Amino acid sequence: MLLGMLFDEGTYKKLYSYRHLINGFAAHISPEQAETLRHAPGVKSVTRDWKVRRLTTHTPQFLGLPTGVWPTGGGYERAGEDIVIGFVDSGIFPHHPSFRTHNTEPYGPVPKYRGKCEVDPDTKRSFCNGKIIGAQHFALAAKAAGAFNPSIDFESPLDGDGHGTHTASIAAGRNGIPVRMHGHEFGKASGMAPCARIAVYKALYRLFGGFIADVVAAIDQAVHDGVDILSLSVGPNSPSTTTKTTFLNPFDATLLGAVKAGVFVAQAAGNGGPFPKTLVSYSPWIASVGAAIDDRRYKNHLTLGNGHILAGLGLSPSTRLNKTYTLVAANDVLLDSSVMKFSPTDCQRPEVLNKNLIKGNILLCGYSYNFVSGTASIKKVSETAKALGAVGFVLCVENVSPGMKFDPVPVGLPGIVITDASKSKDLINYYNISTPRDWTGRVKSFKGTGKIGDGLMPILHTSAPQVALFSARGPNIKDFSFQEADLLKPDILAPGSLIWAAWSLNGTDEPNYDGEGFAMISGTSMAAPHIAGIAALIKQKHPHWSPAAIKSALMTTSTTIDRAGNPILAQQYSETEAVKLVRATPFDYGSGHVSPRAALNPGLIFDAGYEDYLGFLCTTPGIDVHEIKNYTNSQCNNTMGHPSNLNSPSITVAHLVRTRIVTRTVTNVAEEETYVIQARMQPAIAIEVNPPAMTIKAGASRKFTVTLTVRSVTGTYSFGEVMMKGSRGHKVRIPVLANGYSR
């Protein structure tokens with residue numbers, strides 16, 4: 001009605017009406033029309049659409065699910081039963097074994113869920129099968145922007161990328177699905193909640209990511225349809241142009257509506273680490289998830305004819321035992337010199353190399369920038385070597401640029417990447433010394449030899465978990481001029497490095513997994529669905545818990561100690577831009593690494609709801625109260641006093657002057673128990689808790705205060721914790737952070 005009153009027919013296109021979480025719409029209009037709309041009576045805010053991006057197995061065992069968590073809910077056949085997890089992502093490949101339903105007990109209906117199932121426009125088959133309970137796609141904004149290409153983006157929930165299939169299977173893929181590639185089984189894959197239902201809301205696409213207008217439409221629909229949990233492996237590319245406040249950008253404001261409706265939201269923290277303030281997930285109503293490296297590492301080695309052993313990466317079988325093979329470099333076996341323009345040492349094109357000289361030998365190739373940019377792939381090197389009859393291949397990395405990370409890639413042929421430039425030099429020196437040439441530089445005979453080891457078996461490390469280099473770091477920010485917020489982010493750490501999960505056969509996001517059924521990839525994108533799936537297990541056990549209660553259970557039971565019993569370490573850059581390990585802080589891992597078994601029985605929870613989040617917004621200094629009213633339609637009646645009094649399972653005071661008293665309320669979700677409360681803090685800030693102990697009846701709530709006092713101004717944050725130890729064995733821990741100022 002508003003658009004029709006203001007503009008001539010045909011000069012605008014309405015894309016979406018948002019009915020459930022925010023009261024608004026998306027339309028394709030000109031900048032002049034947007035100005036007219038901004039000043040129209042009754043219009044609270046107009047925001048220009050902007051882009052989002054994807055925040056690009058063994059973890060169930062690493063997290064202790066099969067023994068510690070699933071049997072309590074009736075084994076994996078029941079784990080997550082009747083809980084619906086919504087995925088706003090790149091769609092799904094519905095025929096994957098991780099989601100298949102034949103030969104399984106039929107999935108009954110879930111009356112509370114009322115989402116639609118689109119049918120495939122080509123095959124006319126539904127995308128749903130009982131396990132997948134809803135499937136829709138949202139592309140109106142992408143089409144209006146001219147970014148949508150139906151031949152690769154698909155006018156349906158079909159995953160043309162791989163990312164959405166991967167994240168859905170991490171949270172809720174079926175248990176015991178063999179991960180087979182190139183004739184080798186890498187293990188059995190399972191989701192965190194293998195029996196949970198999957199609801200697909202496709203709003204992300206292969207080449208351009210997605211648009212906020214489509215993503216908000218997807219979230220709006222998912223909450224209306226009745227999902228229990230939302231898994232978001234997506235974040236804004238850049239700050240919103242209209243809102244100064246991070247917590248009120250349309251994305252977070254929509255998610256506040258989702259949480260108000262009782263939906264738990266897990267969002268990837270972002271992949272901008274290891275630098276501070278790189279988070280793309282800001283708000284207290286969201287669980288923001290950082291990425292950890294788990295205990296599984298893959299290694300391989302190349303043994304040279306002179307006895308030297310060079311370490312490298314190669315998820316491959318070994319060459320024949322006790323047999324060595326001749327080494328042949330690609331640039332010594334070119335068919336003619338005119339092929340140089342194809343950068344032949346990349347070994348991407350078999351037709352430019354001489355098969356007769358390569359057959360039965362190991363092919364040496366060079367790792368160039370093309371591998372980083374994605375125009376060359378290790379999969380293609382393997383295919384080239386195979387086509388030429390080589391027994392294996394070696395990729396030498398001669399110069400490493402900062403931030404280059406090498407992930408092991410599964411290949412069917414023996415193969416290895418020598419990632420250390422000095423070891424690559426050793427290999428090249430050995431090859432040159434043992435390869436006699438004539439005066440023109442042509443090789444007379446190939447005399448260098450070598451053999452490739454078996455890289456298929458993982459090595460399990462006790463120095464896990466660690467915070468992954470790319471995982472986004474705090475401090476959290478309250479506005480887009482990067483002012484620090486009185487709220488800790490990320491909230492929690494979950495596995496996100498080298499995660500095996502389902503892949504879409506037409507997925508193209510990773511050239512190394514083109515046409516494969518599984519892929520091993522990294523990102524906070526992989527960490528968020530771990531938390532979504534574990535949240536489903538908690539929701540199954542405690543159906544009436546609020547999103548805040550679930551988040552509290554995950555956070556207060558998490559661990560800051562690794563498998564070997566030492567404090568968790570974080571990957572960081574050293575001065576030489578090599579990767580080093582430093583002791584992690586809450587800005588790296590939030591409250592710590594998830595411990596699913598403990599989270600099912602936390603003892604106490606820190607509960608909060610919509611009114612509390614409003615109080616947090618209203619007390620955050622520098623926030624425009626009109627902006628709050630525009631987004632929430634609520635007035636500020638300020639009883640919280642300070643944002644650090646929001647009842648969250650962490651305490652952060654970004655600007656502490658003299659003394660501040662912070663209040664928290666805990667609710668007992670177990671039987672009556674007596675808790676002793678202890679606090680500790682780094683010396684620059686004094687900490688005191690009151691009362692030192694309390695007895696809480698089942699279902700009752702009690703308050704306690706934490707007093708923080710500046711002892712010395714250091715210019716940095718001091719870290720500490722409040723630990724509550726219960727007489728029945730519950731341990732409830734929350735991190736405390738404060739930065740002291742003289743005024």
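This is a predicted model: local features need pLDDT of at least 70, side-chain atom pairs count only at pLDDT 80 or more; totals for chains, interfaces and linings use all residues.
1. Start with the helix pair. Helix 8 (residues 212-225) packs against helix 9 (residues 250-260) with the axes 10 Å apart and an angle of about 0° between them. Angles under 35 degrees count as roughly parallel, so that's the label for helix 8 and helix 9.

2. Who's touching whom? On the helix 8 side you'll find Ile212, Val215, Val216, Ile219 and Val223, and they meet Pro250, Phe251, Thr254, Leu255 and Ala258 of helix 9. The contact between helix 8 and helix 9 counts 9 nonpolar residues, 1 polar and no charged.

3. Ile219 is worth a click. Together with Leu230, Ile219 has the most contacts inside the largest nonpolar core, a set of 68 residues. Helix 8 is the top contributor to this core, giving 9 residues. Leaving aside residues up to four places away in sequence, Ile219 touches Leu21, Val88, Leu230, Leu232, Phe251, Thr254 and Leu255.

4. There's another core apart from that one, with 52 residues, including Ala135, Ala287, Ile293 and Ala553.

5. Now the sheet: it's open, with 3 strands in the order 9-3-11 and antiparallel pairing.

6. Zooming in on one pairing, strand 3 (residues 51-54) and strand 9 run antiparallel and are joined by 2 bridges. Look for Val52 opposite Gly210 of strand 9.

Terms used
Residues are numbered from 1 along each chain as its sequence is written. Side-chain values use heavy atoms; hydrogens and water are left out. Axes are lines fitted to C-alpha atoms, for helices over the stretch in contact, and angles run from 0 to 180 degrees between N-to-C directions. Helices (H or I, at least four residues) and strands (E, at least two) are DSSP runs, numbered from the N terminus. Angles under 35 degrees count as roughly parallel, over 145 as roughly antiparallel, 65 to 115 as roughly perpendicular and the rest as oblique. Contact means heavy atoms within 4.5 Å. Ala, Val, Leu, Ile, Met, Phe, Trp, Tyr, Cys and Pro count as nonpolar, Asp, Glu, Lys and Arg as charged, and the others, Gly among them, as polar. Two strands pair if DSSP finds at least two bridges between them. A nonpolar core is a set of buried Ala, Val, Leu, Ile, Met, Phe, Trp, Tyr and Cys residues joined through side-chain atoms within 4.5 Å. Buried means under 20% relative accessible area, exposed over 50%, partly exposed in between (1.4 Å probe, protein chains only).
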